Amino acid sequence: MSSLGPLIVIILVIIIGIVWYFIHLIAQGFSQLYKDESAFLSDQLKALLGVDDVQRNSYRPSVEPLYISNIVDLIVTSIRGLWLGQLLYILLLLFLFFIVVGVFFIEQPFQFLFNMIVGVVTVSLFSHYIIQTNGKGLTRALISASFSKEDCYSYMYSCGFAMLSLLISLFLGMYVLMYYFNLAIWGGELKQKEYEKISILMIGYLMGLLVGGFIYREGLSLMSRSFKTATIGLIKSDVNLSVGNSNISQLTRLTYMVSQQTGNTLINYLDIGFILVFLCCSVLTLFVNSAEVLESENKNTFILGPIYLICLGYLGSIFCYLMRTMCRDSQAPSFTAINVRWQVIIGALISFIILVTFPFNFLISQFTLKGSNSQDIDLSGKSSTHACWCYLLGLIFNVIHISLFEWYTSHGCSKVRNLGLATSDRIMPMNLIYSNYLGDLFSAIPMVLMLLLITIVYSIQGFAGLLFAASGYTSVFIIYGIIYQIGCNSSESYKLTCFVHFKSEIQGRIFAIYWEAKNYMIYLKSTNAGALTLISIGFIGSQLYQHPGTLASLFTHYKGIIGLLIGFAIMFVCRGLSIWAIINMAKTYFICQPSNDSEGKINYFSDNRIIEFTKVKYTQSILHVSYNVLFLTFTLLLTGYLYGQQGTIAAMIGSSISILLIQYNGLIKGTALENAKIYNEIEDNKKTSHYVMYVAGDTYACATEESNACPLVAYFIFSFCLLISCQNKFTSADQ
């Protein structure tokens with residue numbers, strides 16, 4: 001197959017993705033009949049408020065539409081207004097990285113820095129537009145719910161698809177552009193040494209994405225999760241975040257809802273973007289060890305193969321978009337669940353059809369992977385047929401994995417339903433103990449299946465098979481990302497309906513989507529966790545090919561053993577620092593501000609107060625993120641300097657083991673805890689006596705953080721990129 005065909009497909013999808021997103025953004029805008037967006041929202045929200053539906057004991061029968069539209073828009077604006085501080089933090093981080101790491105440990109510091117800057121710009125643009133889209137989505141979902149549940153669901157689906165379109169276009173489009181740019185400028189004779197240099201520069205692009213990710217992803221992540229911890233911990237049994245509760249200020253409550261809406265989707269979308277680029281860099285780094293690939297005229301198409309498959313999957317997902325509401329009866333009890341499951345089935349079938357229709361004809365028919373002295377890990381004569389089998393196995397195991405994770409954390413599992421009942425007013429920590437038990441118990445089977453998948457694909461095609469399996473494992477990520485957006489949007493929209501007392505009919509439609517979609521949000525997180533493990537082992541394989549002398553003594557020499565222990569420990573330390581940051585920040589939200597108005601009118605917060613409030617909390621988040629980044633950087637550089645390639649490769653292996661344990665256990669424990677809380681809040685209202693599930697703020701912080709256990713994604717990939725970028729400077733310790 002001509003190498004031009006896949007490249008045309010990639011360019012076409014990049015253009016379609018950008019156009020699709022901006023068409024959605026324009027369509028999401030307000031009517032031109034209104035002078036400003038707040039007036040439009042105020043007029044639309046008037047119809048959603050009903051005095052007759054309000055409980056008699058509520059603090060206030062209704063909230064002014066103009067106020068609530070202004071306050072939500074203002075909080076979103078304050079989050080978007082952090083851009084100047086974010087820019088300064090990024091510039092400072094880039095400068096420190098260049099001075100500390102680039103000058104002393106990287107062979108081409110200026111070229112590497114240029115690629116990092118491109119990555120930073122890419123993630124900054126993406127984050128800005130996602131925050132803007134999500135901010136609008138909070139109120140637009142409510143407006144669409146006034147028509148029907150089907151319209152509300154379709155709107156949320158459209159938002160998710162548009163944002164993922166932008167993700168593919170920006171992250172992968174810039175990767176392709178920088179790949180050809182680096183080849184043209186610094187490629188030289190395009191021999192193995194030149195391609196090794198290009199692979200390091202492309203890791204520089206990924207490092208730029210991660211540096212921007214620390215500022216946008218981790219900064220907003222810690223801020224939104226600390227809001228969540230403070231709100232849940234202080235409100236305790238106040239389910240609906242109602243205006244009358246005086247345990248927490250209205251400002252914290254509203255900012256919690258908006259920051260969750262803008263932050264959660266951005267966090268998990270950035271994660272999948274990092275993982276996809278990590279996969280592309282792994283393929284390039286691994287196959288520079290294949291003479292057949294580098295001598296082939298089709299080598300560029302081969303190296304960009306994962307992006308080609310993703311683009312084919314995107315074109316197929318357009319069909320899923322057209323079929324987004326296969327169940328058209330919006331009054332059906334399982335309207336959302338039926339549509340979500342059909343989306344997963346159709347997405348998996350499309351991935352299988354792509355495998356059958358395009359049987360990896362962009363691959364080299366026969367290729368070998370072999371380092372200079374690597375007879376013991378030689379991979380000879382493997383063909384594209386083996387790659388197809390690995391891709392198919394990755395797809396199959398992914399479907400099995402998400403089904404297990406969904407069952408182990410959903411309302412349908414009896415152990416999850418009973419989790420909330422493990423806590424009473426007398427024994428508050430019991431639910432945390434019970435959730436630890438569930439995490440340890442239910443994470444065993446997914447881990448065994450992941451190890452089985454690794455064993456099978458390695459026996460078929462070695463380390464290359466792991467990367468082909470990772471491509472299949474992530475092939476349905478677009479559908480999973482859309483489902484995550486539906487769950488996130490409906491969750492925060494429902495909380496807002498309770499806060500301002502929307503009509504019960506509107507609340508019912510939003511809640512019906514939220515109740516069912518919440519179960520399926522784990523699809524994206526579990527896919528990210530599994531794919532990260534597969535790619536990391538493939539990346540380790542590339543280092544074993546390039547530095548084969550370290551393999552024989554990796555686990556027998558003291559350098560390898562120490563490196564293994566360091567790699568295993570650093571992920572746990574990063575996790576501990578993140579939990580400590582959430583607890584530390586949440587303690588500053590204990591602000592009680594009962595209203596002075598006899599009618600219970602919401603306290604009015606000035607523009608300056610909200611903006612300053614958000615800036616302070618974000619600055620605190622960045623300070624805690626810097627602790628993790630500095631700890632990782634200096635620990636890994638010191639490990640490489642003292643223990644050389646043996647230590648660094650062993651550290652990668654140790655980190656891969658710990659990340660699998662932490663993420664699988666944390667996802668099940670945290671998600672089950674959150675879903676059990678939702679279940680018991682709803683079901684217990686129907687009983688005469690019941691347990692109220694709540695814990696003290698500090699304890700709940702530890703538990704809820706587990707459902708976001710994937711903050712480690714960015715830190716984990718960063719550790720790999722740092723070690724590989726500096727590998728040539730670590731060889732002196734091996735001598």
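Let's start with a word we'll need: a residue is buried if its relative accessible area is under 20%, exposed if over 50%, and partly exposed in between (1.4 Å probe, protein chains only). You're looking at a predicted model, where local features need pLDDT of at least 70, side-chain atom pairs count only at pLDDT 80 or more, and totals for chains, interfaces and linings use all residues. Residues are numbered from 1 along each chain as its sequence is written, and side-chain values use heavy atoms, with hydrogens and water left out.

**Exercise 1.** Work out how the rings of F161 and Y321 are arranged, and which parts the pair ties together.

*Solution.* 
Step 1: Get the rule. Rings of Phe, Tyr and Trp (its six-membered ring) pair if their centres lie within 6.5 Å; planes under 30 degrees apart are stacked, over 60 edge-to-face, and the rest tilted.
Step 2: Apply it. The centres of F161 and Y321 are 5.1 Å apart and the planes are at 40°, so this pair is tilted.
Step 3: Find the helices, which are DSSP runs (H or I, at least four residues) numbered from the N terminus. F161 sits in α6 (residues 149-186) and Y321 in α11 (residues 305-322), so the pair ties together parts 160 residues apart in sequence.

**Exercise 2.** Decide whether α11 is largely enclosed, and compare its reach with the expected span.

*Solution.* 
Step 1: The expected span is 1.5 Å times one less than the number of residues.
Step 2: With 18 residues, α11 reaches 27 Å from first C-alpha to last, close to the expected 26 Å.
Step 3: Of those 18 residues, 14 are buried, so α11 is largely enclosed by the rest of the structure.

**Exercise 3.** Describe what lines the second largest cavity.

*Solution.* 
Step 1: Know the term. On a 1 Å grid over the protein atoms alone, a cavity is a set of points where a 1.4 Å probe fits but cannot get out; lining residues have an atom within 4 Å of a point.
Step 2: Among the 13 lining residues, L309, I310, S471, T474 and S475 are closest to the centre.
Step 3: α11 gives the most, with five residues.
Step 4: Sort by class: eight are nonpolar (Ala, Val, Leu, Ile, Met, Phe, Trp, Tyr, Cys and Pro), five polar (the others, Gly among them) and none charged (Asp, Glu, Lys and Arg).

Note on methods: Helix = DSSP H or I, 4+ residues; strand = E, 2+ residues; numbered from the N terminus. 1 Å grid on protein atoms, 1.4 Å probe; cavity = no way out; pocket = protein on both sides within 12 Å on 5 of 7 lines; lining within 4 Å.
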